[in-house]
Amino acid sequence: MKKDRFLITGLGGKRTLAGELTVSGAKNAILKLMASSLIFKTAVTFSNVPEIEDVRRMGEMLQDLGAAVSFDRSGFVSISTENVKKTTLDREIAKRMRSSIIVTGPLLARFGAVSFPHPGGCVIGDRPIDMFLEGYQKMGAVVSISKTGEDYEIKAPNGLVGAEIFFRIPSVTNTETFMMTAVLAWGRTVLQNAAMEPEIESLAEFLNKSGAKISGAGTPTITIEGGGLLESGGVFETMPDRIEAGSFLILAALAGKEISITHCEPRHLIALTEALRESGVPLEIGKSSISVSLPKNMPVSDFKSVNIKTHEYPGFPTDLQAPMTVFLTQVTGESLIHETIFENRLNYAPDLVRMGADIKVWDAHRVLVTGPTILKGRELFGPDLRAGLAYIMAAIIAEGDSIINNVYFIDRGYSKIEERLAAVGVSIERLAE
Ligand code: EPU
């Protein structure tokens with residue numbers, strides 16, 4: 001793991017950033033699209049693929065299973081799973097990446113067996129996989145633990161059968177995994193209390209274009225008629241990353257003079273744009289862009305506090321909770337941040353306090369932010385991908401220099417972030433290991 005760091009010289013509260021920030025393809029869409037290659041008999045090709053660590057790792061994992069994966073420099077990836085025979089996930093990759101869990105369903109459905117360790121990923125709570133195991137059992141699989149006690153071993157030698165699956169929590173990756181798995185099962189599967197995130201709708205659109213019979217994606221009830229391996233119907237474009245777009249928008253509200261966020265899907269960002277508007281940020285929303293134009297001397301303290309409660313889509317995304325908290329340290333008043341999706345996702349708060357923020361931790365799920373406060377540059381260790389970007393934003397608005405460690409986490413989800421931020425006027429340098 002490379003130990004690169006970022007050196008950021010803060011703007012000291014000045015509003016100087018200007019230009020265009022172009023949004024990349026969505027990490028949480030392409031990872032699932034790539035995994036779906038396992039339910040295809042022909043090669044699949046995706047465009048607008050972000051150049052990020054997690055995508056490379058998903059590519060490595062599929063290659064390790066026997067797939068042919070080729071990336072090209074203009075943002076395309078092609079994957080053929082014709083020669084996949086292996087059904088054991090590489091331990092190292094699976095442990096490092098939570099989304100490795102997504103391939104377990106397609107492998108089980110296609111080959112009748114899969115074994116894998118408990119998946120890893122960001123340190124944001126327990127992140128159990130109980131609903132995956134329960135779902136596979138409902139579809140006729142037998143789940144056991146390996147002799148070493150380290151791996152799950154799941155078998156369905158006669159194939160999976162369609163089932164009614166109710167999710168205790170509307171989980172994003174469960175919904176996506178079972179949507180793909182059910183395509184290869186016998187008969188009809190109905191997913192209830194399904195998650196409604198736009199990435200799920202996009203995956204269903206791709207699968208349906210390739211011959212799947214999925215209806216209701218984007219609603220809490222999804223019905224899938226099983227039918228066997230799919231055939232690709234051409235290149236499919238990865239949707240824009242709504243979390244990246246939202247983070248750029250928050251940065252524009254904090255330090256932008258004239259910033260346009262382009263190649264985004266504004267309708268996926270309503271929870272954020274409404275919160276920013278409530279705070280007083282003027283936004284110009286186009287078809288695929290959002291602009292923020294503010295007088296150079298206008299302080300962020302002219303905006304007012306808003307309460308934020310994270311919620312499954314279309315509510316306020318947990319992945320934008322940390323960047324939004326940085327914004328709220330600069331506005332006037334008290335804001336209550338309530339994280340409802342994950343444990344441990346407010347763990348960045350003490351670092352912001354070290355920078356000068358006034359944040360009172362009420363409990364594991366709630367903090368109270370009182371603003372405005374002046375932030376001072378510090379050395380920071382990003383605890384996860386999204387908090388890492390929040391630290392970058394805090395460092396940009398702070399007085400003085402900051403060092404951000406654990407850039408590795410940020411590289412997992414944001415492509416060449418330093419180049420893109422530098423282009424709008426941020427002083428940021430990568431200190432390579
Ligand atoms: N959960 C269970 N049992 C399960 C699965 C999930 O209890 O079997 C719980 C989780 O612990 C959590 C809740 O259900 O409390 C919701 O988790 P969900 O399964 O929806 O999260 P995820 O699918 O693991 C995806 C994104 C996350 C994003 C969440 C919520 C991917 C690869 N990851 O995670 O993105 O925060 O949905 O929107 O799509 C990120 O990109 O940084 C990231 C963490």
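The shell around the ligand is made up of ten nonpolar, six polar and nine charged residues; here Ala, Val, Leu, Ile, Met, Phe, Trp, Tyr, Cys and Pro count as nonpolar, Asp, Glu, Lys and Arg as charged, and the others, Gly among them, as polar. The model is predicted, so that local features need pLDDT of at least 70 and side-chain atom pairs count only at pLDDT 80 or more, while totals for chains, interfaces and linings use all residues. Residues are numbered from 1 along each chain as its sequence is written, and side-chain values use heavy atoms, with hydrogens and water left out.

**Ligand site**

Of the 25 residues around the ligand, those that come nearest are Lys32, Asp130, Ser171, Thr173 and Arg386; a residue is near if one of its heavy atoms lies within 4 Å of the molecule or strand in question. At least two residues of the shell come from each of helix H1 (27-35), helix H5 (130-138), helix H6 (172-183) and helix H12 (385-397). Helices (H or I, at least four residues) and strands (E, at least two) are DSSP runs, numbered from the N terminus.

The table gives distances from an oxygen atom of the ligand to an N or O atom in a side chain.

| Side chain | Distance to ligand oxygen |
|---|---|
| Arg168 | 3.1 Å |
| Thr173 | 2.5 Å |
| Asp319 | 2.7 Å |

The protein covers 91% of the 820 Å² of accessible area that the ligand has on its own. Accessible areas come from the Shrake-Rupley method with a 1.4 Å probe, and for residues only the protein chains shown count as cover.

**Nonpolar cores**

A nonpolar core is a set of buried Ala, Val, Leu, Ile, Met, Phe, Trp, Tyr and Cys residues joined through side-chain atoms within 4.5 Å. Buried means under 20% relative accessible area, exposed over 50%, and partly exposed in between (1.4 Å probe, protein chains only). The largest such core has 74 residues, and Ile261, Met324 and Phe327 have the most contacts inside it. H12 gives the most to this core, eleven residues. Another core, of 70 residues, lies apart from it and includes Val69, Ala94, Ala109 and Ala204.

Contact means heavy atoms within 4.5 Å. Leaving out residues up to four places away in sequence, Phe327 touches Ile250, Ala253, Leu254, Leu276, Ser279, Val281, Val300 and Phe303.

Gly135 lies in helix H5 and counts as buried because its relative accessibility is 1%. With residues up to four places away in sequence left out, Gly135 touches Ile165 and Phe178.

Thr81 sits in the loop between strand E5 (76-80) and helix H3 (91-96). Thr81 also counts as buried, at 1% relative accessibility. The side chains of Thr81 and Arg110 are joined by a polar contact of 3.0 Å, that is, a pair of N or O atoms within 3.5 Å; within protein, one must be able to donate a hydrogen and the other to accept it, and residues adjacent in sequence count only if both atoms are side-chain atoms. A polar atom of the Thr81 side chain lies 3.3 Å from the backbone oxygen of Phe40.

**Backbone features**

The peptide bond from Tyr313 to Pro314 is cis, with omega near 10°, and Pro314 is in the loop between strand E17 (308-309) and helix H10 (321-328). The bond from Gly371 to Pro372 is cis as well, with omega near 0°.

Asn48, which is not a glycine, has a positive phi near 55°. Asn48 is partly exposed, at 30% relative accessible area.
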